[in-house]
Amino acid sequence: MQKEIDMLDVLKIREDFPILKREVNGKPLVYFDNAATSQTPQVVIDAIVDYYSNYNANIHRGVHTLSQEATDAYEIARKKVQEHFNAKLTHEIILTSGTTHSINIIATGFTNLLSKGDEIIVSALEHHSNIVPWQMLCERSGAILKVIPMNQEGELVMDVYDQLLSDKTKLVFTNHISNALGTINPIEEIIEKAHAVGAAVLIDGAQSCPHIKPDVQSLDVDFYVASAHKLCGPTGVGMLYGKEEWLNKIPPYQGGGEMIEQVTFEKTTYAGLPHKFEAGTPNICGGIAFGAALDYMNTIGFDAIATYENQLLEYGTQKLLEIDGLKIYGTSKNKTSVISFNLENIHPYDVGTIVDKLGIAVRTGHHCAQPIMDFYKIPGTIRASFSFYNTKEEIDALVEAVKKAKMMLS
Amino acid sequence: MTIQEIQEEIVDEFGMFDDWMQRYEYMIELGKSLPLIEEKYKTEDNIIKGCQSKVWVHADMKDDKVEFTADSDAIITKGIIAILIRVFSGQHPAEIIKADTGFIDEIGLKEHLSPTRANGLVSMVKQLKLYAIAYQTQLN
């Protein structure tokens with residue numbers, strides 16, 4: 001393990017990210033909004049430029065050279081996604097526009113697989129994108145939405161989960177890691193118990209993929225979804241993993257080109273996986289860049305990333321807690337490098353505004369997770385989320401900025 | 001004083017400061033002088049949408065002049081709305097409707113003016129002007 005820490009030479013890694021050299025409001029940028037989107041290394045930018053400079057073409061249909069090169073590159077990217085998540089089959093990987101799109105494919109697809117009175121279970125720690133599509137599914141199907149509650153530490157109350165599960169449960173969906181608090185949820189247990197009552201499970205990996213390399217086969221998860229832009233890739237592209245038998249059961253989400261086998265005005269037969277779920281021209285460049293981003297992250301190594309980010313989390317937690325009146329929300333022992341906090345009697349928006357003036361990018365607000373804010377009875381938090389390219393010196397700058405904000409706003 | 005004169009006065013006041021910190025500190029001070037909205041008007045209906053923090057605004061008409069009161073749960077937002085109210089309160093609705101708010105740019109708060117910013121300064125100006133339009137209709 002020690003060797004890996006040494007291998008993660010953060011100053012060298014920072015050289016890979018051109019944006020980290022810029023200034024904001026006359027100060028060096030400190031980027032701590034990684035949970036919203038990660039920054040882009042030069043190799044990914046190069047992949048995007050290379051695509052548009054050398055082989056931009058539509059895929060899967062042209063016989064000309066450019067189209068074949070673009071198709072090959074796109075399909076190689078899919079293969080990289082498959083290998084990264086350890087899916088058994090390449091066609092179990094659907095390339096989407098992102099996590100939200102992936103969730104909606106499944107939520108819409110389940111409409112006719114549910115009956116009135118069936119139950120689906122969500123966790124209290126969800127992002128709105130993993131709540132609203134399921135509420136809409138309940139409206140369409142007559143299914144009932146149940147919620148696994150959370151405790152003060154920001155962890156799911158698993159005893160209640162046990163009670164919620166029954167033979168009526170058809171689907172369980174939760175995030176792997178909470179975006180607002182950083183809690184790592186016990187998804188192995190969630191999946192195993194759901195399967196014991198015959199329910200399918202969707203895990204939202206938007207926040208976990210920057211920190212953890214999930215193995216969908218060993219998790220035995222039915223659906224796993226993620227976005228490229230959280231792991232050094234571009235926005236507008238993501239993935240949906242689904243077990244082959246499930247993806248075959250679920251109808252297509254959108255009609256259009258690419259997703260058909262044969263079309264007449266009397267009847268259309270759909271293409272097989274994965275194209276059945278990929279109507280229209282996809283984000284070709286984005287998909288290829290997603291592959292490049294996975295290569296980049298894997299070169300650094302997820303063990304090294306996790307070890308280093310845990311050091312940042314520990315250091316940041318300790319330093320921030322030295323500020324009088326600062327409270328951290330989400331104090332599970334099992335969490336990633338996200339610190340959600342507030343200063344006593346000061347609105348998070350005020351703190352965010354001042355620290356931005358000092359060149360520090362944090363997120364303020366409810367983080368698209370209003371139920372969590374309601375639970376703590378707060379309007380929102382300031383969220384600092386650290387990535388492997390951040391440093392302890394940057395955390396020091398954040399701490400100083402928060403102290404300054406506190407002085408100005410008290 | 002006219003809206004224009006008040007705006008010039010504010011620009012002069014902010015001109016005394018060298019850096020953003022002093023400007024923000026002054027804005028926070030101005031927030032403390034905000035004519036506070038009565039508790040009974042702090043309703044969901046009076047919250048200005050588009051702000052990360054809550055901003056409540058209420059308007060009354062006295063002698064053909066619009067009087068604004070407001071409050072916010074965030075102190076910087078309170079300063080911003082206090083500046084706007086200092087400019088607009090006690091003015092004739094027709095004057096409020098046609099007033100330009102370019103002075104915001106001049107006092108170094110330009111970043112708050114973009115309609116895509118979550119702080120809702122644009123929404124605040126719009127809401128104050130909507131009140132003025134409503135009262136102008138009553139006068140016509």
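The C-alpha centres of domain 1 and domain 2 of chain A lie 28 Å apart, so let me start there, with bounds that come from an automatic or database domain assignment. Domain 1 of chain A covers 2-37 + 301-409, and domain 2 covers 46-298. Before going on, a word on the source: this is a predicted model, where local features need pLDDT of at least 70, side-chain atom pairs count only at pLDDT 80 or more, and totals for chains, interfaces and linings use all residues. Residues are numbered from 1 along each chain as its sequence is written, while chains are lettered from A and ligands numbered from 1 in the order in which they are written.

Now, how many residues of domain 1 of chain A are in contact with domain 2 of chain A? There are 25, and they meet 26 residues of domain 2 of chain A; contact here means C-beta atoms, placed from the backbone, within 7 Å. On the domain 1 side, α12 (302-321), β14 and α14 of chain A each supply at least two residues. The largest share of that side, 4 residues, comes from α12(A). Helices (H or I, at least four residues) and strands (E, at least two) are DSSP runs, numbered from the N terminus. For the classes, Ala, Val, Leu, Ile, Met, Phe, Trp, Tyr, Cys and Pro count as nonpolar, Asp, Glu, Lys and Arg as charged, and the others, Gly among them, as polar.

Next, the chain contact. 11 residues of chain B touch 11 residues of chain A. On the chain B side, α2 (20-32) and α3 (75-88) each give at least two residues, and α2(B) brings the largest share, with 4. That side of chain B is made of 6 nonpolar, 3 polar and 2 charged residues.

Let's go inside. The largest nonpolar core has 144 residues, and those with the most contacts inside it are A:Val201, A:Ile288, A:Ala293 and B:Leu84. Helix α11 (residues 284-300) of chain A gives the most to this core, 11 residues. At least three residues come from each of domain 1 and domain 2 of chain A. By nonpolar core I mean a set of buried Ala, Val, Leu, Ile, Met, Phe, Trp, Tyr and Cys residues joined through C-beta atoms within 7 Å. Buried means 20 or more other C-beta atoms within 10 Å of a residue's own, exposed 12 or fewer, and partly exposed in between, with C-beta atoms placed from the backbone. In soluble globular proteins, nonpolar side chains tend to be buried together. Leaving out residues up to four places away in sequence, A:Val201 touches several partners, among them A:Val172, A:Phe173 and A:Ile190.

Strand β9 (residues 223-227) of chain A is mostly covered, with 5 of its 5 residues buried. A:Phe223, A:Val225 and A:Ser227 point one way, and A:Tyr224 and A:Ala226 the other. Which strands pair with β9(A)? Strand β8 (residues 200-204) of chain A runs parallel to β9(A) over 3 bridges, and strand β10 (residues 238-242) of chain A runs antiparallel, joined by 5 bridges. Pairing needs at least two DSSP bridges between two strands. A:Tyr224 stands opposite A:Ile203 and also opposite A:Tyr241 in β10(A).

Over to another sheet, an open one of 4 strands in the order β13-β14-β17-β16 (chain A), with antiparallel pairing. β13 (326-329) and β16 of chain A stand at the edges with a single partner strand each, so one side of each is left without a neighbour in the sheet. Neighbouring strands are turned by 30 degrees against each other on average, direction ignored. α12(A) packs on this sheet, touching β13, β14 and β17 of chain A, and makes about 145 degrees with β13(A). Axes are lines fitted to C-alpha atoms, for helices over the stretch in contact, and angles run from 0 to 180 degrees between N-to-C directions.

Finally, some backbone details. The peptide bond from A:Leu273 to A:Pro274 is cis, with omega near 0 degrees. A:His367 has a positive phi of about 55 degrees although it is not a glycine. Is A:His367 buried or exposed? A:His367 is buried, with 23 other C-beta atoms within 10 Å.

Conventions
Two residues are in contact if their C-beta atoms, placed from the backbone, lie within 7 Å.
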